[in-house]
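Please open the model in your viewer and keep the selection tool at hand.

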Amino acid sequence: MRRFVPLIVGTLVIAGGAVIVGTSMSGGVYSLTVAEALAQAQDLQGRQFKVSGDVVDGSVVETGDFSITFTIRDESNEILSCRYKGVLPDPFEEGRQVILQGTFDAEHVLEVSQITVKCPSKYEEEGYSEEEYLQYYGDKYKNGHPGANGDDAAK
Amino acid sequence: MDHIGQLLIGLGLVLTSATTVASFSGAITRRPGAIRAGYLGMKAVAWLNISISFVLLYVLVTNDFTNRYVASYTDASLPLMYVLTAFWGGEKGALLFWVVSLSGLGAVLARFRKDDVSPFMSWVVGVVAAGVLFFEILLLFASNPFEVFITFGGPADGNGLNPLLQNPLMAIHPPLQLIGFVAYTIPFAFVIGWLVKPDAGRSWVVEARQWNLFAWSMLTAGLIIGELWSYVELGWGGYWGWDPVENAALLPWLTGTALVHSMSVERRCGLLRRWNVFLAILTFILTIFATFLTRSQLIDSLHSFAESKLTPFFLYYMLFLVALGVVLFLWRWKKLAPARRIEHPLSREGLVVATILMFMLMLFIVLWGTLLPKFSESGEVRGFLNWMVGGFAQLTGGVATKFTAAVQVGPQWFNKVVGPVAIVVLGLSAIGPVARPGVSPKGPLARIIWISFGIGLIVAIAVTALAIGPRALESARVTGDSTFQAAWRVFRIWMPGSVYAFVIFVFSVAVIGVALGDWWRSVSARAHGGVSRWSAAIALIKAEPPRFVGHLIHIGVALSFIGFAGGVAKYEIKDRIVRPLDSVVLGDQTLTYLSTTEVWNESGAFAAIRSSILATQTGVGITELPKSWVAGWEGLESASGGGGALITLKFNTEQAALVAYMRAWVNGPLADDFEISQIDDGQRRVLLTPTSAQALAIVPEAFGRRVAELGAFAASFGDGSILAEARKAPFSATLTFGSDGLFDLFRDSIKKQTPRLLAFQPTLNDRDRFVVVPAGVIRPYTPEVRYYPLSESPTSEVALSAGLVNDLYLSAAPTRDARAVSLSAMENPMMTPLWVGGLMLVGFGLVAGAIGWRTHFRREIGEEGCQ
C-alpha cells in the first residue's frame with residue numbers, strides 16, 4: 001500500500017496542476033496593449049479583455065445620461081476609442097492612467113464595462129530628478145526655502 | 001540635521017559590518033571575546049538606528065522641506081500624527097523602519113542570549129547582523145531618506161501625504177506588516193546557524209519557537225489591519241481583492257502558518273525536520289520576494305508604485321538566499337533524517353503533513369495567479385500552456401481556445417480555486433487538535449469529532465435556510481414557483497460560493513465543537529474527587545498552555561472562515577443615481593437619500609461633501625413621532641407616514657401650510673447653504689452668499705448643487721413667484737420676489753424655527769400639505785467624499801454600521817448632475833465574526849509566543865512520548 005503513495009501523490013499533483021493552470025487560462029482575461037488589441041480586434045469580438053493606458057487630454061466627451069466617450073494611449077503610442085456608461089470613479093481625469101475592461105463592438109470601439117483608475121502613487125516623486133520635480137509641481141514650489149544657498153529656484 | 005542623519009547611516013554601516021565580522025569570526029574560531037563583541041555590536045547598532053530614526057522624525061516634525069523625503073510626503077498643514085506616520089509613508093522611510101526593527105529584534109536576541117557564548121548562537125546573531133547590513137547598504141547608497149535638494153533649497157511647502165494614508169488604520173498597518181516580514185529573519189538565522197553548526201544538544205526549533213510565533217502574529221496582524229483598512233477606507237465594501245501586492249504579503253503567511261504547525265511536531269517528536277528547514281528558509285525568502293514584488297513593475301497592480309531603484313538589489317539578494325539555502329540544505333540532508341516514519345495519515349504528524357501540503361498548494365495557486373500575466377507574456381510559455389490545455393481538453397472532450405495574448409485572472413478565479421484548498425485545511429483543523437502521535441483518533445476523541453461534524457451539518461442547513469429564505473420567498477412570489485424550487489434556484493445562482501459557504505459552516509462549527517469538546521473532556525477528567533471543574537480548568541491551563549491557546553486560535557480561524565462564508569449572501573446596490581427623498585431597497589432595509597452638504601474640516605484640512613442617508617426597515621419606516629415635535633407645528637391637522645421615511649404634514653389652512661413651509665425652508669436648507677448678506681426692500685431682492693466658503697473654494701462644482709436646490713425651492717412657490725439667480729465669481733445668489741406677500745412672509749420667517757427636519761420635498765402638494773423627513777427619530781448615516789487641497793483625487797469615507805450579524809455599508813458620491821448622488825450600499829453578513837476571529841488569531845498568537853519565555857520550553861522535546 002505504501003508503495004502506491006508516491007504514485008497517488010504524483011497523479012494528484014499533476015491533475016491538480018492541470019486544473020489550476022487550465023482554469024486560470026480559461027477564466028482569465030486577456031491583458032493587452034492597445035496595439036495588440038487593435039491588431040487582434042477581429043478575433044477579440046465578444047471576448048472581455050483588459051487594456052491600460054493614459055486618458056488622452058481633451059478626448060473626454062459627455063454624450064448624455066452618465067455616458068462618455070474618450071480615448072486612451074499607451075506606450076505603444078496607439079490610440080483606442082472607448083465608450084463608457086455609468087458613474088465614473090472619483091479619480092477619473094484626463095491624463096490619468098486607467099485600466100479598462102470591456103469588449104470590442106463592431107466598429108472596434110471599446111465598450112468599457114469596468115474602469116479602474118490607478119492611484120497616483122506618491123512613491124513616484126522619489127524617482128524624479130530635481131528639474132523634473134520643479135517642472136511637475138510648477139510655480140508653487142519656485143520659492144526657495146529660507147536659508148537656501150542663495151540660488152534662485154525659478155528655473 | 002540631514003547631514004547628521006547621513007553621517008549616522010554611514011556610521012551604522014561600519015558598525016554593522018564590524019558586528020557581522022565579529023560574530024562570524026567568533027563562531028568559526030570559537031573565541032568568546034569575539035562572540036561577545038558581536039552581541040555588543042548588535043545592541044550598539046540597534047541604538048544607533050534608533051537615533052537615526054529620531055533624526056528623521058525631527059526633520060519631519062520641523063517641516064524641513066530641504067529634505068526630499070519630507071517634501072514628498074508631508075506638508076505644513078498635515079496633522080502631527082500623520083507627520084509621524086509619514087516616516088514609513090515612502091520607500092526610503094520604510095527601508096529605515098526595516099533596518100531599525102531588524103536591528104532592534106537582533107538586540108533583544110543578543111540581550112536574552114548574552115550568557116550563551118556558543119558558536120551556534122554567534123552564527124545566529126551574525127546572520128541577523130548580515131541581514132541588517134544588506135538593508136543598510138541599500139539605505140546609504142540607493143535609498144537615502146536624508147537626501148536634500150541640491151539645485152535649489154527645497155519647496156516652500158511639501159506635497160502632503162496621500163489622503164488614503166491619513167487614516168489611523170493605515171498609520172499602523174505598515175509598521176505591523178513590516179515587523180511581520182522583518183521578524184522572520186530570526187527563525188531564518190536560527191536555521192542557518194544550525195545548518196552551519198549542527199549542535200546535537202540543541203534544537204533550533206525549540207529555540208526559535210517564540211520568535212516564530214511572534215513573527216507569525218505580526219504578519220497576521222499586518223494582513224488583518226490591511227483588510228480592515230480596505231473595508232473601512234477604500235469604499236468598495238470588500239477586504240481582500242487578490243491584488244498582486246496583497247498576494248505578495250500572503251505568500252510568507254501561508255508558509256509561515258505551515259511552519260508553526262510543523263515546528264510543533266518537531267518539538268514533540270523530532271519529525272518533519274527537513275520540512276522545517278525548508279519552510280523556515282522559504283518563508284524568509286518570500287518576505288524578501290514580497291518586498292521585491294511590491295516595488296517592481298513586474299505585475300500591473302492597483303497599488304501602482306513607480307519603478308524602484310532597489311529592484312535589482314532585491315533580485316540578487318533573493319538569488320543569493322536561494323543558493324545559500326539549497327547548498328546548506330543539501331549539505332545537511334542526512335543530518336536532518338527524521339526519528340521514525342509517519343505511521344498513520346490521521347495521526348497528529350500525518351495530519352500536519354497534509355496541512356503543510358495544502359498550504360504549499362495554496363502557495364502555488366496564489367503564485368501562479370499573481371505571476372500569470374508575466375508568464376503568459378512570453379509566446380513560448382503560451383505555446384506550452386496551449387498545448388497542455390489542449391491535451392487536457394481532448395481527454396475530457398472539451399473544446400480548448402488558443403490563447404494569443406497575456407492573461408490575467410481576477411478575484412473570482414482566486415476565490416474559486418483557493419477556496420476548496422482552504423476549506424480542506426479548515427476541515428483538518430477540526431481533527432488535528434485532538435489527534436495523537438502515531439495513531440488515528442480513537443474512542444472518546446473520535447466521538448467528539450463525529451458529534452461536532454454532526455452539529456456542524458445541522459447548523460449549516462439552518463444558516464443556509466436563513467440566508468436563502470427571504471430571497472427564495474421573494475423569488476417564489478414573483479415567479480410563482482414553489483418556495484423549494486425558488487430556494488434551489490438561488491442556491492444554484494450563488495454556486496460555487498453557496499457550496500463553499502455551506503461546507504465552511506459545517507467545518508467551522510466542527511472546529512469550535514472539537515475545541516470545546518476536547519477542553520470539556522480534559523477538564524472533566526481532572527475534576528474528580530473534591531476538585532471543582534473551575535479549578536481543574538485553571539490547573540489544565542497552567543499545565544498545558546499551548547494546547548489551550550491552540551484551541552483558542554483555531555476557534556479564531558473558524559470565526560474568520562464564517563466571515564468569508566458570509567460574503568456569499570450579501571446584498572449590494574452599486575452606483576444607483578438618487579435625487580433627494582428617493583429611496584432604494586437593500587435586503588430588508590430601505591435607504592432614503594436626504595441631502596448633501598459641504599463642510600470644511602479644520603483639523604484634518606479637507607473639504608467634505610457629506611451626504612445624509614436614512615435607513616429604515618422596509619415596510620415599517622418611521623412609526624413614532626415625538627409629541628413635542630408634532631406639537632411644534634402651528635396649524636397642523638395631521639402627520640402621517642406611508643410606511644416609509646416620509647411623513648406628510650397636512651395643515652388646517654393653506655396659509656398655515658405656506659407659513660410652515662417657508663419657515664422650514666428659510667431656516668433649514670437655505671440657512672445651511674447660504675447667509676443672507678443683504679435685503680433690498682425696494683426691489684424685493686435678497687442677496688445670498690454661500691456658507692463654508694473654504695470648502696467651496698476646493699470643490700467649486702458643489703456650488704452647482706446649492707444653486708439647484710435654491711432653484712427647486714424657489715420654483716415650488718409657483719411660477720414667477722420667486723426668481724433665483726446665481727453668480728459664479730464670486731459665488732453668490734439672489735432671490736427676487738414677485739409679490740409683497742411672499743417677500744414679507746420670507747422676511748418674517750427669518751429666525752422663526754419649525755421643528756427640526758432632516759429633509760423635505762421642494763413641493764407644496766395640494767397647497768395645504770408637504771412631505772418631510774423628521775429629525776430626532778432615526779439618526780441618518782453620513783458618508784462623505786473628502787477633498788484635500790494638495791491631493792490630486794478625492795477619497796470616499798464610507799458610513800459603516802457594524803452589527804453582530806450584518807454590516808450596513810454606505811457610500812455616496814456627487815455626480816455631474818447637480819442634485820443627484822451616486823449611491824452604493826451593501827449589507828455584508830458575518831463581518832463581525834471575521835474581525836473577532838482575526839483578533840483572536842493575533843492576540844492568542846502573541847500569547848502562545850509569550851508562553852514559557854523564561855524557560856524556552858526546553859523540556860518539550862519528546863515529552864509526550866512520541867513513540
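Throughout this tour, buried means under 20% relative accessible area, exposed over 50%, and partly exposed in between, with a 1.4 Å probe and protein chains only. This is a predicted model, in which local features need pLDDT of at least 70 and side-chain atom pairs count only at pLDDT 80 or more, whereas totals for chains, interfaces and linings use all residues. Residues are numbered from 1 along each chain as its sequence is written, chains are lettered from A and ligands numbered from 1 in the order in which they are written, and side-chain values use heavy atoms, with hydrogens and water left out.

**Stop 1: a pair within one helix**

Select Arg477(B) and Glu474(B). Their side chains form a salt bridge, with the closest N and O atoms 2.7 Å apart; the term denotes a side-chain nitrogen of Lys or Arg within 4 Å of a carboxyl oxygen of Asp or Glu. Both belong to helix α16 (residues 443-479) of chain B, and because they are three residues apart there, about one helical turn separates them. Helices (H or I, at least four residues) and strands (E, at least two) are DSSP runs, numbered from the N terminus. Arg477(B) is exposed, at 61% relative accessibility, while Glu474(B) is partly exposed at 42%.

**Stop 2: Glu598(B) and its arginine partners**

Next, select Glu598(B), which is buried with a relative accessible area of 5%. Which residue lies 2.7 Å from Glu598(B), taking the closest N and O atoms? It is Arg705(B), and the two form a salt bridge. Arg705(B) sits in helix α25 (residues 702-716) and Glu598(B) in strand β4 (residues 589-601), both of chain B, so this pair ties together parts that are 107 residues apart in sequence. Arg705(B) is buried at 10% relative accessibility.

Arg706(B) is buried, with a relative accessible area of 1%.

**Stop 3: a network**

Select Arg113(B), Asp116(B), Arg202(B) and Glu207(B), which are joined into one network by salt bridges that share partners. Over all chains, the structure holds 26 salt bridges.
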